[in-house]
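Subject: Handing over the two-chain model

Dear colleague,

Please find the model below, as promised, with my notes after it. I would be glad if you read them alongside the structure.

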Amino acid sequence: MRHRQRSLRARCLVVLVVCLGVIVIAPRESDAQSSSLSVSGSPAALQIVGAAGGAGGLPAPAVNNATTYTVKVQNKTVKKITVQLSSNMPSGVTLAISLAPPTGASSVPVTLNTTVTDAVTNITNRQAATLPITYTLNATLAAGVVGSQSRTVTFTLIDLP
Amino acid sequence: MKAVSLVAAVGAMLVSHVAFAQTATQTVTFQVDAINEVSVSTANTSLAINSAVAGSDPVSATSTGLTWAVTTNQSGAKITGILSADMPSGLTLSVALTAPSGATAANSGNPVALSSASTDLVTGISTLAATGLSMQYKLDATAAAGVVASDSRTVTYTITGGA
């Protein structure tokens, strides 16, 4: 009798745990389906080739705004996008990124480095929004000539804050 | 013990939920080319010799108010000047460029005679951008040059990058 009661209790516990798992996991799957972030591809190479305004000017920035990102979030959730570089830029060279924000969100230009930094906050749009990404490459004269290099920019969509 | 394991499992599920994040990546390729640019403030200037002090060669003519500018992201760049054709016999066209900070003007900043052979005018220019640097042309003539009708030459300035 006691053995049957113990067995019944164990089964109830298992059922309880499974239910909890479903309850906890279900929103996560829904979240994954309802919230999404993607980019249109990688930008063309950014190349600084001359001085702004000609002789006497500083190196002219190289700009690329040909790529986009698409984002949407689950109902009643507020998210943000962070950005991070795979490794820091060479001395005297900076890479900045600006993501146009979806309606209701806000964004700030970010000088990229290996630190995770907020680029877009307060994202609440449930419908997918596709928006431009602008990269700006700057260099000081002291940076000198910099051969072709690459960095990976990681965009992460996470809950706010 | 089992209860503890189950609680841990539930905890892990909760943590898994909280840590949800989605990522995307882009690869950004970049480079900075050698930048060596030089310019002058005006494309044309005229010089006329029309007097002399008795007993001396004609008085030289000089330009005023001209400037030049330079940008380089390299070290040890230099400016050279070259004429499109040599000057007539007895005439000398010279130019003096003020050196930017850290660089050296040829001939200690005094005018340097130009010809159809390339001539160093400023050397040792390193990673700088400078504008409004003064430049001055000087036209000299010997008495033997005689009367020379209006003529023109093109002066080409070239910046050669260092390292």
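Two strands pair if DSSP finds at least two bridges between them, and strands themselves are DSSP runs (E, at least two residues), as helices are (H or I, at least four), numbered from the N terminus. This is a predicted model, in which local features need pLDDT of at least 70 and side-chain atom pairs count only at pLDDT 80 or more, while totals for chains, interfaces and linings use all residues. Residues are numbered from 1 along each chain as its sequence is written, chains are lettered from A and ligands numbered from 1 in the order written, and side-chain values use heavy atoms, without hydrogens and water.

Pairing crosses between the chains: E2(A) and strand E1 (residues 21–32) of chain B run parallel, joined by three bridges, and A:Gln47 has B:Gln31 in E1(B) as its bridge partner.

As for the interface, 60 residues of chain A are in contact (heavy atoms within 4.5 Å) with 37 residues of chain B. No salt bridge, meaning a side-chain nitrogen of Lys or Arg within 4 Å of a carboxyl oxygen of Asp or Glu, is found across the interface of chain A and chain B. On the side of chain A that touches chain B, the largest share, 14 residues, comes from E10(A).

Within chain B, an open sheet of four strands, with antiparallel pairing, has the order E7-E9-E5-E11; its edge strands, E7 (104–105) and E11 (155–160), each pair on one side only. Six bridges join E5(B) (residues 77–83) to E11(B), where B:Thr160 is the bridge partner of B:Lys78.

With best wishes
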